[in-house]
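Please look over the model below before reading on. The points that follow are meant to be checked against it.

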Amino acid sequence: SGDPAVTPGDLDHSSLHYVIHLPVDDDEHMPPEDKEQLEQHEIAILDWWIRVGAPVGKPMSALEAPAKILEAAAKLVPPAELQARADAKAEDFRE
């Protein structure tokens, strides 16, 4: 659309917020219906991040994340585990 995906501090003007909250069968919903969908805790983290100004490079502790957001973040898969999963899938593909 040409609009920024995120307007720091403003959910109403952040297209990312808009498209992830649309019904899954809506043509504009993201991710597309045939892709893995975001879980509620992931959406909560994204919405919180936008509300606090979409900071980059700051730990949640420095941003005084509420307990609900810290609990949601604890459910995320660590980057090393994501890489291990990707490596395993790549290995399976080669076999």
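1. Basis. This is a predicted model, in which local features need pLDDT of at least 70 and side-chain atom pairs count only at pLDDT 80 or more, while totals for chains, interfaces and linings use all residues. Residues are numbered from 1 along each chain as its sequence is written, and side-chain values use heavy atoms, with hydrogens and water left out.

2. Confidence. The average pLDDT (the predictor's confidence in each residue, from 0 to 100) is 90 for the protein, and 98% of the residues score at least 70. Helix 2 has the highest mean, 97, and helix 4 the lowest, 79. Helices here are DSSP runs of H or I with at least four residues, numbered from the N terminus.

3. Cis proline. The peptide bond from Met 30 to Pro 31 is cis, with omega near -5°. Pro 31 sits in the loop between helix 1 and helix 2.

4. Positive phi. Ala 54, in the loop between helix 2 and helix 3 (67-74), has a positive phi of about 55° although it is not a glycine. Glu 64 lies in the loop between helix 2 and helix 3 as well, and its phi is also positive, near 55°. Ala 54 is buried at 13% relative accessibility, whereas Glu 64 is exposed at 69%. Buried means under 20% relative accessible area, exposed over 50% and partly exposed in between, with a 1.4 Å probe and protein chains only.

5. His 17. This residue belongs to helix 1 (residues 15-21) and is buried, with a relative accessible area of 18%. Its side chain makes a polar contact with the side chain of Asp 47 at 2.8 Å; such a contact is a pair of N or O atoms within 3.5 Å, one able to donate a hydrogen and the other to accept it, and residues adjacent in sequence count only if both atoms are side-chain atoms. Neighbours within four places in sequence aside, His 17 is in contact (heavy atoms within 4.5 Å) with Leu 11, Asp 47 and Ile 50.

6. Largest pocket. Its volume is about 280 Å³, the space filled by probe spheres set on grid points joined across faces, edges and corners. A pocket is an open set of points on a 1 Å grid over the protein atoms alone where a 1.4 Å probe fits, with protein on both sides within 12 Å along at least five of seven lines; lining residues have an atom within 4 Å of a point. The lining includes Glu 36, His 41, Lys 75 and Arg 85. Helix 2 (40-51) and helix 4 (79-94) are the elements that give two or more residues to this lining.
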